[in-house]
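Welcome, and please load the model in your viewer.

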Amino acid sequence: MTKRVWIFGDSYADPNWDKESFEHKTWYEMLAKQYEYKNFAMVGTGPHYSMKEFYRRYKQFNEEDLVVWILSGKDRIQFHLPDKFRNRHKDPIQLVHDSYWDFKTQEMKCNAIFDPSFYQSHKGHMSYVMKTFEREVINSNKKNESFLYTISRIHKCKIYIFFLRYDDSYIKDSLNDNLFYICPISLQQISINEYRNPGEPFYEDNKRNNHLSEENHKVMYERIHNFVQGIRTVPEFKQNILDKPDKPDHKSERFIYD
Amino acid sequence: MIKRVTIHGDSFAEPQWENIHPTWYGRLKDRWPETVNYGKSGSGPMYSFKKFYENLFNYNYEDLIIFIMSGGSRINFNIKEAEDEMHQWNNKVMLDVTGDPYIGDDFQSKSKYDDWMKINKDRARFAVDIFHDEIVYGNWKYESLLYAASRIQKCKIFVWYLEMEESYIQTSLNDDHFYVHDEGLADAVENEYVEEERLHEDFSLSHDLHYKVNHLTEANHEVMYKQVTGFIDGREIPKFLKNVYRGTYNKDEFIYD
């Protein structure tokens with residue numbers, strides 16, 4: 001019987017992200033009412049960050065544990081940001097947003113709004129990291145989901161995974177059973193499908209709580225709840241329930257999803 | 001029915017050793033002519049998995065994949081200058097940035113290496129630092145991917161570890177498609193010596209580098225062959241032979257990798 005829930009992920013599960021702007025209950029708050037609850041999700045992070053939290057804890061998991069994972073962008077690498085470059089607008093999470101590895105040109109690309117002096121001094125180092133570990137980064141979510149799968153076999157805990165992009169999954173829904181479940185729809189797609197007119201390219205200014213409307217927070221909770229309870233019914237995510245995304249308040253080169 | 005065999009690993013699988021007696025991989029090739037051996041002395045899983053990632057989606061029920069999982073800390077750095085000594089350079093870089101005493105550092109192009117390190121040491125250290133946790137848990141995640149692949153591709157996967165403590169799964173998930181052998185290869189090498197040799201104060205595994213192939217006696221090559229075929233044929237999987245070899249001392253010989 002499940003007693004505890006552990007959550008790892010990004011903005012789709014972050015309990016602190018813009019919390020005061022919303023009144024409705026979130027999927028993780030609904031879970032928190034039922035179980036002992038720990039949520040390590042943080043906006044803007046990737047599995048490279050979240051796995052560090054997971055590694056510290058997974059050995060204690062057993063049949064009383066439910067682990068919910070948002071496996072977001074594999075290329076969200078948590079580089080160190082030395083103290084001297086940090087301020088209110090520049091932190092290690094922002095660094096993940098404002099820097100990325102261009103797999104085609106084999107270059108570290110940097111958003112101009114981040115500290116140019118930091119890039120000048122660290123771009124070479126960041127590029128070297130990516131050149132060395134590029135193949136591992138590309139395949140990291142294959143390893144992450146496989147690791148979670150074996151943890152579910154060995155520890156007999158329940159593991160529910162959402163992918164930000166379903167194409168990142170190797171396992172997909174092929175190994176789903178009563179201990180392990182990968183949601184066959186990507187969170188990114190669920191967010192887009194809420195709009196009747198999402199626009200192309202899709203962009204929104206994060207006006208929904210964890211990128212989801214209240215209805216789909218409820219669906220997300222129900223899907224996890226049903227998995228835990230062994231209920232075969234899988235409620236569908238709601239579509240076409242909003243008109244179109246709010247225009248962003250300002251032009252930004254930041255990533256669409258965080 | 002198995003038609004193809006793919007071998008990944010380090011010096012325990014490297015086919016370029018002097019051919020002084022039959023080898024486990026040679027015996028496998030006799031049985032399955034479509035055997036490809038990517039084994040490379042001094043390499044680690046990060047090197048081996050490059051090939052595995054490329055081929056993953058092509059594997060099916062006709063494939064047997066054999067992995068020798070060596071040290072997870074054998075990082076495959078981005079070093080173009082190393083040429084044929086890539087793995088020696090890799091291990092030396094790791095030694096120099098972490099102080100890991102486990103890894104060997106003997107190779108020819110030492111001065112070229114020193115020049116490279118003057119420019120890149122700090123970058124290499126930064127890389128190891130940023131991926132520290134992924135390196136520590138690397139083999140546990142690699143073996144998990146192998147396990148998942150055996151479920152999805154329906155291929156058969158046989159795994160030896162250099163050191164058993166590098167496995168998290170151990171033998172807990174062994175079945176018809178996936179098998180982790182429960183004896184580490186480093187122990188197998190040591191244990192094949194007769195006890196009085198092992199207990200000798202000058203005993204070192206490096207002494208017999210040029211007197212054995214892939215660090216093991218012919219008898220244990222045969223055991224390795226039978227371990228793999230036992231898994232495939234559903235027969236008993238034998239243990240490594242112990243106390244069967246009397247060493248040949250030569251203190252100047254080099255390490256095993």
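Into which domains is chain A divided? Select residues 4-75 + 139-229 for domain 1 and residues 83-138 for domain 2; these bounds come from an automatic or database domain assignment. Before you go on, note that this is a predicted model, in which local features need pLDDT of at least 70, side-chain atom pairs count only at pLDDT 80 or more, and totals for chains, interfaces and linings use all residues. Residues are numbered from 1 along each chain as its sequence is written, while chains are lettered from A and ligands numbered from 1 in the order in which they are written.

**Stop 1: between the domains of chain A**

Colour the two domains of chain A separately. Their centres, taken over C-alpha atoms, are separated by 26 Å. Nine residues of domain 1 are in contact with nine residues of domain 2, where contact means that the C-beta atoms of two residues, placed from the backbone, lie within 7 Å. On the domain 1 side, two of these residues are nonpolar, five polar and two charged. Here Ala, Val, Leu, Ile, Met, Phe, Trp, Tyr, Cys and Pro count as nonpolar, Asp, Glu, Lys and Arg as charged, and the others, Gly among them, as polar.

**Stop 2: where the chains meet**

Now show both chains. Chain B puts 25 residues into the contact and chain A 27 residues. On chain B, select helices H2 (45-55), H4 (110-130), H5 (132-136) and H6 (138-152), each of which gives two or more residues to the side that touches chain A. Helices (H or I, at least four residues) and strands (E, at least two) are DSSP runs, numbered from the N terminus. H6(B) gives the largest share, nine residues. By class, this side of chain B has 16 nonpolar, three polar and six charged residues.

**Stop 3: helix H2 of chain A**

Select residues 47-55 of chain A, helix H2.

**Stop 4: two residues in a loop**

Which loop of chain A holds Asn210(A)? Look between helix H6 (187-193) and helix H7 (214-229); His211(A) is in the loop between H6 and H7 as well. Most residues other than glycine have a negative phi. Asn210(A), however, has a positive phi of about 55 degrees, and His211(A) has one of about 65 degrees. Asn210(A) counts as buried because it has 28 C-beta neighbours inside 10 Å. His211(A) is also buried, with 23 other C-beta atoms within 10 Å.

Terms used:
Buried ≥ 20, exposed ≤ 12 C-beta atoms within 10 Å, placed from the backbone.
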